[in-house]
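Subject: Structure handover

Hello,

Here is the structure we discussed handing over. Please load it before reading the notes below.

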Amino acid sequence: LCIAETCPSCSVMVLSDQFSPNTTSDVAAGILIPHTYSGTPIHVQKQWFKETFTYLFAISNSAEASEAGIHLVSGWQVFKNTPKEELPFWSDVVLGFRPMSEAELQKFPQHLFGQAFTTLKCDCPPYLLWLEKRLKATGVQMYTRKVADLWELHSEYNIVVNCAGIGAHQLVGDEKVFPVRGQVLKVHAPWVKNFIRDGDGLTYIYPGIHRVTLGGTREKESWSLSPDPGTTKDIFDRCCSLEPSLRGAQGIEVKVGLRPSRWCVRLQTEVLSQGGVKLPVVHNYGHGAGGFSVHRGTAKEAARLVRECIAALQGSTLRAKL
Ligand SMILES: Cc1cc2nc3c(=O)[nH]c(=O)nc-3n(C[C@H](O)[C@H](O)[C@H](O)COP(=O)(O)OP(=O)(O)OC[C@H]3O[C@@H](n4cnc5c(N)ncnc54)[C@H](O)[C@@H]3O)c2cc1C
Ligand SMILES: O=C([O-])CC(=O)C(=O)O
């Protein structure tokens with residue numbers, strides 16, 4: 001969408017073997033709280049988060065908010081021990097970040113420190129449909145197709161943008177991207193209005209517009225997409241110990257996704273070359289556990305790289321004509 005919006009001279013096609021609701025992005029809890037990439041400078045990660053927050057905040061303040069599934073949510077991140085970093089890098093991007101008061105901490109007898117703030121939450125399946133609608137409105141076409149090798153696209157397209165998520169492991173043979181399996185539950189508990197996240201990142205409760213997401217798990221190198229009933233019970237029990245009223249939750253649905261984890265998002269141009277023919281590829285994958293939190297910022301950078309590729313292609317066509 002970012003490319004279609006900022007490169008009007010391009011004709012954009014989206015090729016994917018799966019669309020919503022069958023992607024990792026559909027499983028995401030959709031909270032805007034960044035996860036740190038060890039291989040990316042913090043100021044860059046902060047910029048990606050800020051751009052994403054600003055973009056979604058504007059949607060949340062518009063008449064589109066409900067259809068796009070985006071809303072503000074206030075809540076607490078609680079810690080059993082005081083974290084090394086009391087002020088995370090994103091504390092001045094979210095709204096009203098402050099340490100929790102003693103009175104608030106009384107709700108969490110097993111925790112001794114906490115941070116209160118307001119952030120954005122997205123119900124991902126409606127948001128993905130909203131994005132698809134906007135894509136189609138800008139004339140972008142979408143095709144179901146599994147790509148076995150990027151090179152197979154060179155006769156049809158001038159530039160390829162690789163957003164394959166965990167699929168990049170096979171598609172471009174990137175062994176640095178690996179799955180971190182996550183299981184979450186979606187329940188009806190409309191009385192839960194605040195988010196609660198254990199600072200260890202394992203247990204969280206995120207109220208959405210229609211349902212509350214309960215998480216979670218982080219299983220490195222597991223490729224299994226099958227829900228595990230023992231894990232469902234464990235997640236539910238952990239969440240009930242943070243928010244006992246959840247014992248009354250109804251209608252548990254279980255979802256599993258594979259986080260496309262990598263030490264840094266691969267956001268770069270690579271020019272493939274075979275027998276003198278060149279194919280510029282802009283990679284944008286490896287967003288791990290925090291892809292939703294930085295999606296617009298990384299998309300903006302990918303679109304900028306696409307504009308660079310267009311300028312280079314135009315330059316070479318001009319040189320060929322001369
Ligand atoms: C349980 C869980 C909870 C999460 N919660 C949050 C959260 O609260 N906040 C947050 O910021 N992040 C969260 N995340 C992380 C987030 O979901 C991911 O970082 C993000 O969805 C990755 O998006 P993506 O578009 O790169 O990958 P995907 O959503 O997997 O999209 C990749 C697309 O590429 C297609 N594809 C792949 N290979 C090929 C191929 N060879 N040919 C054609 N098409 C191909 C796939 O079909 C798919 O449509 C969570 C993840 C999980 C699993
Ligand atoms: O950690 C969180 O709060 C939610 C999330 O991003 C994940 O499970 O990957």
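Predicted model: local features only at pLDDT ≥ 70, side-chain atom pairs only at ≥ 80, totals over all residues.

Ligands

Ligand 1 has 34 residues around it, and the closest are Gly165, Gly167, Gly182, Gly257 and Gly291. Sorted by class, the shell around ligand 1 holds 15 nonpolar, 16 polar and three charged residues.

Around ligand 2 are Ala29, Ile31, Ile33, Gly182, Arg197, Gly201, Tyr204, Gly215, Gly216, Arg259, Ala289 and Gly290. That shell splits into five nonpolar, five polar and two charged residues.

Strands

Strand β2 (residues 70-79) pairs with strand β4 (residues 113-122) in the antiparallel sense, over ten bridges. Within that pairing, Gly75 has Phe117 of β4 as its bridge partner. β2 also pairs with strand β8 (residues 195-198), here in the parallel sense and over four bridges; Trp76 stands opposite Ile196 in β8.

β8 in turn runs antiparallel to β9, with two bridges joining them. Ile196 has Ile205 of β9 as its bridge partner. The hairpin of β8 and β9 has five residues between the strands, and Gly201 there takes a positive phi near 80°.

On to strand β10 (residues 212-215): β9 pairs with β10 in the antiparallel sense over four bridges, and the hairpin they form has four residues between the strands.

Helix α6

How far apart should the ends of helix α6 (residues 124-137) be? At 1.5 Å a residue, its 14 residues should span 20 Å, and the end C-alpha atoms are 20 Å apart, which agrees. Cys124, Tyr127 and Leu128 are buried in α6. Viewed down the helix axis, the buried residues of α6 fall within an arc of 100°, so they line one face. They pack against α2, α4 (65-68), β2 and β4. The face turned away from the buried side carries the exposed residues Lys133, Lys136 and Ala137. After α6 comes Gly139, with a positive phi near 90°.

Regards

Conventions: Residues numbered from 1 in each chain as written. Chains lettered and ligands numbered in written order. Near = placed C-beta within 6 Å. Nonpolar A, V, L, I, M, F, W, Y, C, P; charged D, E, K, R; others polar. Pairing = 2+ DSSP bridges. Expected span 1.5 Å × (residues − 1). Buried ≥ 20, exposed ≤ 12 C-beta atoms within 10 Å, placed from the backbone. Arc of directions from axis to C-beta. Contact = placed C-beta atoms within 7 Å.
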